[in-house]
Amino acid sequence: MNTRGLRSQLKDSVPVSGLCPQGQYGIQDSLRSGFTSVKNELLPSHPLELSEKNFQLNQERMNYSTLRNIQGLHAPLKLQMEYRAARQIQRLPFLQSSNLALDTLRGGDESIGFEDILNDPAQSEMMGEPHMMVEYKLGLL
């Protein structure tokens with residue numbers, strides 16, 4: 001019997017602790033952070049899955065490296081500042097943000113992807129009482 005293969009299968013299916021946001025009493029606060037999914041707390045089962053999750057990050061690093069080699073250090077720093085400024089533009093905490101400015105900077109406004117069709121913000125599970133969500137965001141609770 002190949003125990004090495006069995007051991008690697010068991011290791012990949014063990015949940016990682018600390019990924020679930022904990023509330024004030026040590027349990028997950030579903031009202032503020034939405035429902036949890038056991039699938040999100042598991043380790044990736046295949047190296048390609050991890051690569052696909054980090055595709056955007058790896059693509060940005062490669063673009064920054066190429067930009068630095070061609071135009072110098074100032075070009076990726078300026079681009080990072082623009083990305084950071086576009087990420088800070090958000091709606092109220094109880095509304096889903098479209099991040100249109102960030103998508104435009106990254107060039108994602110020119111293509112239609114799978115998430116554009118099936119990721120309808122009106123069907124989002126993250127909806128709460130507006131006044132309480134704003135108070136929580138501002139730290140008044």
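The following paragraphs describe the fold, confidence and selected local features of a predicted model.

The chain contains nine helices and zero strands. Read along the sequence, its pattern is α-α-α-α-α-α-α-α-α. The chain has 141 residues, of which 10% count as buried.

The mean pLDDT is 75, and 72% of the residues reach 70 or more. Among the elements, helix α1 (residues 3–12) has the lowest mean pLDDT, at 46. Helix α5 has the highest, at 93. Over residues 1–17 the pLDDT is below 50. Beyond near neighbours in sequence, this stretch makes twelve contacts in the model. Where pLDDT is low, predicted coordinates should not be read in detail.

Helix α5 spans residues 55–71 and has 17 residues. From its first C-alpha to its last, α5 reaches 24 Å. This is close to the 24 Å expected at 1.5 Å a residue. Gly72 follows α5. The phi of Gly72 is positive, near 110°.

Helix α6 covers residues 74–88 and includes Arg87. Arg87 has a relative accessible area of 41%. Buried residues lie under 20% and exposed residues over 50%, so Arg87 is classed as partly exposed. Leaving aside residues up to four places away in sequence, Arg87 touches Leu102 and Arg106. Helix α7 runs over residues 100–106. Arg87 and Leu100 are 13 residues apart in sequence. Their C-alpha atoms are 9.6 Å apart in space.

Ile112 is found in the loop between α7 and α8. Helix α8 covers residues 114–118. The relative accessibility of Ile112 is 74%. The cut-off for exposed is over 50%, so Ile112 counts as exposed.

In summary, the model is built of nine helices without strands. Mean pLDDT among its elements is highest in α5 and lowest in α1. Two local sites were described in side-chain terms. Arg87 of α6 is partly exposed and touches Leu102 and Arg106.

Definitions and conventions: Residues are numbered from 1 along each chain as its sequence is written. This is a predicted model: local features need pLDDT of at least 70, side-chain atom pairs count only at pLDDT 80 or more; totals for chains, interfaces and linings use all residues. Side-chain values use heavy atoms; hydrogens and water are left out. Helices (H or I, at least four residues) and strands (E, at least two) are DSSP runs, numbered from the N terminus. Buried means under 20% relative accessible area, exposed over 50%, partly exposed in between (1.4 Å probe, protein chains only). Contact means heavy atoms within 4.5 Å. The expected span of a helix is 1.5 Å times one less than its number of residues. pLDDT is the predictor's confidence in each residue, from 0 to 100.
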